[in-house]
Amino acid sequence: WPCRDRMPPSPPVFDTAGLANLVGWAGTIGSLLLFSSPASTFAKIAKEKSTGNYALLPYTSGMLNAASWVTYALVTPDRVQTIVTNGSGMAIMVVWLVLYTRYSPNRGAVLAQISTIALMWLALTIMATQFIKEDSFTPLREGESCKTEFVGIFCIAVNIVLYGSPLSAVKQVMETRSVESMPLPLSLATTGCSLLWSIYATLLNDAWVGLPNYTGTLLGLLQLSIYAKYSRSQTGEARSVARSPDLEPLLYVKLV
């Protein structure tokens, strides 16, 4: 038929970029809520005027994680949600680190660790923006920027540190047969957040954002299955197991 050639092309079934944008902003909101989750901990620290037994690691590793993803977003096109999420996360982490330093009995050691994190991020950013060229090496994925791959690999390495924390909570639950150290709302929230970023990465075909969040989703599902098993196995008898202060809410968070 002659008119067939003049017919406009069929529209796509759905707008992948638009859906990725929507999912990304949903992930941003969830991530910022999780970055803010230690607020109650720091209210207690401020009230007692001491960090007590609360560990610094959740906050230094969280800062390095957020800062690394900011650098990733700077060298990777069209990652608005990633830079907004982690830029805001960095600002929140600065607040937690300032408060931790103020109330820590060993400020020198705390400042030394924070300085180390800052220098690591500065070195990563300078390397990615000034020294890594587009032809520095053959990208693992065809057509991808060398800068993106360099920073992406670093970000995944940082996330490996964060992966250990949920496993620590699972180990404690299995040893004590109590779910006191694994709060259900936080486990649900972090699993949902990782799932949103996994969908976002899949829609954009971004393996570097995807890999840590696919793993985070699987670990979250593992936590929930462990929670279901041991919450059912607990009798009505109270189990007074104190929650370890090292298992901070932030340790559950693997944000992108």
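I started with helices H3 and H4, which are roughly antiparallel to each other (angles over 145 degrees count as such). This is a predicted model, where local features need pLDDT of at least 70, side-chain atom pairs count only at pLDDT 80 or more, and totals for chains, interfaces and linings use all residues. Residues are numbered from 1 along each chain as its sequence is written, and side-chain values use heavy atoms, leaving out hydrogens and water.

**The H3/H4 pair.** I looked up the axes: those of H3 and H4 come within 8 Å and cross at roughly 155° (lines fitted to C-alpha atoms over the stretch in contact, with angles from 0 to 180 degrees between N-to-C directions). Residues making the contact include Gly-62, Ala-66 and Trp-69 of H3, and Gly-87, Met-90 and Trp-96 of H4 (contact means heavy atoms within 4.5 Å).

**The loop.** What sits between H3 (57-75) and H4 (80-103)? A loop, and I found Thr-76 in it. Thr-76 counts as buried because its relative accessibility is 8% (buried is under 20% relative accessible area, with a 1.4 Å probe and protein chains only). Its side chain joins that of Thr-148 through a polar contact of 2.8 Å (a pair of N or O atoms within 3.5 Å, one able to donate a hydrogen and the other to accept it).

**The whole protein.** I then stepped back and found eight helices and zero strands (DSSP runs, helices being H or I of at least four residues and strands E of at least two). Of the 256 residues, 45% are buried. For contacts with a separation of 6 or more, 78% come from residues 24 or more positions apart.

Terms used
Buried means under 20% relative accessible area, exposed over 50%, partly exposed in between (1.4 Å probe, protein chains only). Angles under 35 degrees count as roughly parallel, over 145 as roughly antiparallel, 65 to 115 as roughly perpendicular and the rest as oblique.
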